[in-house]
Amino acid sequence: MSAKGQAARKSEGRPVRFSDVVGHARAVAWLRRALASGRAGGAYLFYGPPGVGKGTLALAFAAALTCPHRTDEQEACGRCGGCRAAARGQHPDITWIEPHSEAGNVTIEQIRDLRAHLSLSAGASGWKVAIIDRAERMTLQAANALLKTLEEPAGQAVLVLLAGELALVPETIQSRCLRFYLAPVPVSDLVRELEARLGLPPEEARARAALAGGCPGRALAGMEGVTARRKAALGWMQEALDAPAREVDRLAKAADQADLAQVDETLSAMIWLWRDVAAWSWTKRPDLMINSDLRDHLAPIGQKVAPEKAVSALEALLGARRMVSEYTSRRLTLNWAWMTLRSALKAEKGPVTLAARSG
């Protein structure tokens, strides 16, 4: 897929104004100040969990840079031809790069094409912006080629790298970027946005916000995807806790053949479920549970495991997610994580059985 085609797909439906970005007030304020100062050039690295709003913030920044009618509040007007083109992914000065090789990597050819594009003259604003999605998926050759671009930027060019995990981005790249961690958005902020934008009743807005795990993209996308991911994660958790070892290995083997993005999303959902187990183990406070509707399933597990072991199991899941993204064997990695989780529980109070799979 061409960079233009990628941009169209990635930008579709995204807002182009900072005021439409959900959360991340400190990052937005910093970027506004950079725009006001006229010294916005350089390279940025936005990192945080999938769906947290990295792409939306990057597009709002790109639109603000290229909009000929930028407001006094330092954001795109949202109405001109350039802003409409940016929203459609068709702005000639905004390029969006994402992995598209068979191995799911950003390749050196893509970076070379990007360098050639950035060397061309920009439009009326004078700015060219490149957004590199999943920058942690750059090959070593691509990362080395990008270093040259970072060290010798072409004119008024801005690079915005997006990554799920900072540690997976080469340090040589990190050190040349201004880094912004985009943390999960508080549930209360998501509830307010869902009520205002979608007109949801308070109870539905709170339920959807809680299940989104602090990610506006997931919350605004609807319940179907969230429910499916959580159901799959709950199934994995049940297998890890209850099934014979050979069945756990069968599940890990199946995950080894599955789409990497789906595995990552399911692991992410499993982490949020286990986070509630750990929260219950430490505090016994229902108001701290994200998946409050699953309290009857998750709290009994948290009741049976010691707080320290709950945290250790959570760390194992977090480590598994990182290692899966680092091209290690998914089968071995998931087997290790699930066996760690299972042994942590059974070592305390005996086997634990989940009462239901569905969410």
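In the predicted model, helix α5 passes helix α6 in a right-handed crossing. The two axes, of α5 (residues 108–118) and α6 (residues 140–151), come within 8 Å and cross at roughly 20°. Because angles under 35 degrees count as roughly parallel, α5 is roughly parallel to α6. On the α5 side, the contact is made by I108, I111, R115 and L118. Helix α6 contributes Q141, A142, A145, L146, K148 and T149. By residue class, the contact of α5 with α6 divides into six nonpolar, two polar and two charged residues.

H24 is placed in the loop between α1 (3–11) and α2 (25–37). With a relative accessible area of 12%, H24 is buried, since buried means under 20%. R134 has a relative accessible area of 36% and is partly exposed.

Over the protein chain as a whole, 16 helices and five strands are assigned. The chain comprises 359 residues, of which 50% count as buried. Among contacts with a separation of 6 or more, 75% are accounted for by residues 24 or more positions apart. The accessible surface of the protein chain comes to about 16,400 Å². Carbon and sulfur atoms account for 51% of that surface.

Note on methods. Residues numbered from 1 in each chain as written. Predicted model: local features only at pLDDT ≥ 70, side-chain atom pairs only at ≥ 80, totals over all residues. Heavy atoms only, no water. Axes fitted to C-alpha atoms, helices over the stretch in contact; angles between N-to-C directions. Helix = DSSP H or I, 4+ residues; strand = E, 2+ residues; numbered from the N terminus. Parallel < 35°, antiparallel > 145°, perpendicular 65-115°, else oblique. Left-handed = near helix turned anticlockwise from the far one by under 90°. Contact = heavy atoms within 4.5 Å. Nonpolar A, V, L, I, M, F, W, Y, C, P; charged D, E, K, R; others polar. Buried < 20%, exposed > 50% of the residue type's maximum accessible area, 1.4 Å probe, protein only. Areas by Shrake-Rupley, 256 points an atom, 1.4 Å probe, with all protein chains shown as cover.
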